[in-house]
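Have the viewer open and follow along.

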There are 2 protein chains.
Amino acid sequence: MLKLAILGFLRDRPMHGYELRRHLAALTGHIRPLSDGTLYPAIKRLEADGLLVRETEPGSTAAPRHTLHLTPAGVTALLERLRTPEQLDISDENRWFTVLAFLRHLDDPAGQAAVLRRRLAFLEEPASFFYDEAGPLDAERITDPFRSGILLIARATSRAELAWLHDTIAALDASDGQDVTATSG
Amino acid sequence: MLKLAILGFLRDRPMHGYELRRHLAALTGHIRPLSDGTLYPAIKRLEADGLLVRETEPGSTAAPRHTLHLTPAGVTALLERLRTPEQLDISDENRWFTVLAFLRHLDDPAGQAAVLRRRLAFLEEPASFFYDEAGPLDAERITDPFRSGILLIARATSRAELAWLHDTIAALDASDGQDVTATSG
DNA sequence: CCGCTATACCTCGATGCCGAGGTATCGTCT
DNA sequence: AGACGATACCTCGGCATCGAGGTATAGCGG
């Protein structure tokens with residue numbers, strides 16, 4: 001997750017750790033704040049994997065700034081992750097939003113549509129939060145106001161996202177067809 | 001999180017680990033599947049903390065079943081957790097839904113309303129996912145269709161939840177007033 | 001020039017989760 | 001009788017994260 005977000009931000013432009021931290025805070029920080037005890041080891045792991053390099057700028061500001069650049073391997077890893085996200089990236093809303101935030105980097109309408117279709121399939125499979133001895137509880141059988149609130153909110157989110165997914169997939173399919181004829185004609 | 005869910009389910013009725021596992025799978029399993037390598041150590045931690053006890057049923061079915069019961073300390077811990085959730089339980093939707101799923105156990109309309117008000121305050125404070133050099137990006141300035149999708153979905157969720165929160169808080173406030181006059185009169 | 005804050009980076013112990021593995025029993029199908 | 005899957009529980013290594021701590025520089029107010 002963190003890995004995806006770091007690669008995604010660095011794909012836009014090289015930046016140093018502290019700036020990365022600010023961007024990450026803006027993206028998911030209100031949901032789940034990120035400590036730099038998490039960020040810097042993550043950067044080190046990516047560096048050890050050869051996905052990014054640091055270039056030390058001399059006396060720019062304060063401490064020795066390491067400007068972080070993606071390597072070609074880093075770009076490949078990002079695109080691979082975006083093209084074939086793991087199931088948790090599809091099902092968990094926080095992770096899914098991170099995928100969406102950088103899906104534009106996957107510069108391929110068909111590939112983007114394929115990822116959206118995976119989310120679509122996940123949202124369309126029936127899921128129930130609660131059940132008792134008699135089986136799954138549908139909305140009508142739930143008397144607890146808090147639990148019916150969960151269902152209400154989940155359903156509103158689902159409706160909005162399904163509509164958006166259908167629209168966006170249609171647009172991507174259309175633009176893909178256009179591009180193919182444009183480049184081939 | 002897991003801790004809260006275990007305590008919450010056991011508050012309904014004692015059950016053994018495997019049954020707990022099924023309930024947990026129904027509650028959050030479609031989002032994030034739970035391995036029993038996570039569940040059983042969590043049960044052990046709760047037992048070590050004195051929040052639950054196991055009672056071994058003799059030759060009921062297969063392996064030695066341990067039926068899990070909340071202790072008075074476990075009930076207290078559950079109520080305390082529900083009454084004063086940490087900020088992450090408020091901000092993270094997955095955690096928040098877990099709080100909601102068991103908030104009914106906090107048998108106190110005023111306390112329940114107070115928790116809902118914390119979520120309300122969180123949702124009402126302005127948050128932006130993205131920003132550039134010129135500051136936070138509002139919806140109009142975002143051209144990336146995937147990022148505008150995030151905002152669209154987040155806003156739909158937020159609208160639905162805010163409406164539900166207002167309604168439910170009003171209902172709780174009303175029932176609280178009624179209860180007070182009923183018990184005092 | 002001292003203290004304070006912001007910038008910028010790092011380490012380390014504790015914790016919690018995951019996945020892969022293992023054990024054992026019971027019921028059912030063949 | 002043997003194979004198999006479901007039930008039921010457990011252990012352990014590995015890893016990501018958190019939080020608390022530390023280091024160092026630059027700039028600003030008093």
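Strand S2 of chain B and strand S3 (residues 66-70) of chain B pair in the antiparallel sense over five bridges. Strands here are DSSP runs of E with at least two residues, helices are runs of H or I with at least four residues, and both are numbered from the N terminus. Two strands count as paired if DSSP finds at least two bridges between them.

Before going further, please note that this is a predicted model: local features need pLDDT of at least 70, side-chain atom pairs count only at pLDDT 80 or more, and totals for chains, interfaces and linings use all residues. Residues are numbered from 1 along each chain as its sequence is written, chains are lettered from A and ligands numbered from 1 in the order in which they are written, and side-chain values use heavy atoms, with hydrogens and water left out.

**The sheet in chain B**

Back to the strands. S1 and S3 of chain B run antiparallel and are joined by two bridges. Together the three strands make an open sheet with the order S1-S3-S2 and antiparallel pairing. Strand S1 (15-16) and strand S2 (52-56) of chain B are at the edges, each with a single partner strand, so one side of each has no neighbour in the sheet. Some of the residues that face each other across the bridges are listed here.

|---|---|
| B:His16 | B:Thr67 |

**A histidine in a loop**

Where is B:His105 placed? B:His105 is in the loop between H6 and helix H7 (109-124) of chain B. With 12% relative accessibility, B:His105 counts as buried; that term means under 20% relative accessible area, with exposed being over 50% and partly exposed in between (1.4 Å probe, protein chains only). Its side chain reaches the backbone oxygen of B:Gly8 at 3.2 Å. Leaving aside residues up to four places away in sequence, B:His105 touches B:Gly8, B:Arg11, B:Asp12, B:Leu78, B:Leu79 and B:Leu82, where contact means heavy atoms within 4.5 Å.

**Aromatic pairs**

Over all chains, the structure holds two aromatic pairs. The rings of A:Phe9 and A:Phe102 have centres 5.0 Å apart and planes at 85 degrees, so this pair is edge-to-face. For the terms: rings of Phe, Tyr and Trp (its six-membered ring) pair if their centres lie within 6.5 Å, and planes under 30 degrees apart count as stacked, over 60 as edge-to-face and the rest as tilted. A:Phe9 lies in helix H1 (residues 2-12) of chain A and A:Phe102 in helix H6 (residues 93-102) of chain A, so the pair ties together parts 93 residues apart in sequence. Both A:Phe9 and A:Phe102 are buried.

In chain B, B:Phe9 and B:Phe102 form an edge-to-face pair, with 5.0 Å centre to centre and 85 degrees between the planes. Both B:Phe9 and B:Phe102 are buried.

**Between the chains**

A:Arg147 lies over the face of B:Phe102, 5.4 Å from the ring centre, and B:Arg147 lies over the face of A:Phe102, at 5.4 Å from the ring centre. A charge sits over a ring if NZ of Lys or CZ of Arg is within 6 Å of the ring centre and within 35 degrees of the ring normal.

Of the interface residues of chain B, 100% are also interface residues in chain A, so the copies meet through the same surface.

Technical notes
A polar contact is a pair of N or O atoms within 3.5 Å; within protein, one must be able to donate a hydrogen and the other to accept it, and residues adjacent in sequence count only if both atoms are side-chain atoms.
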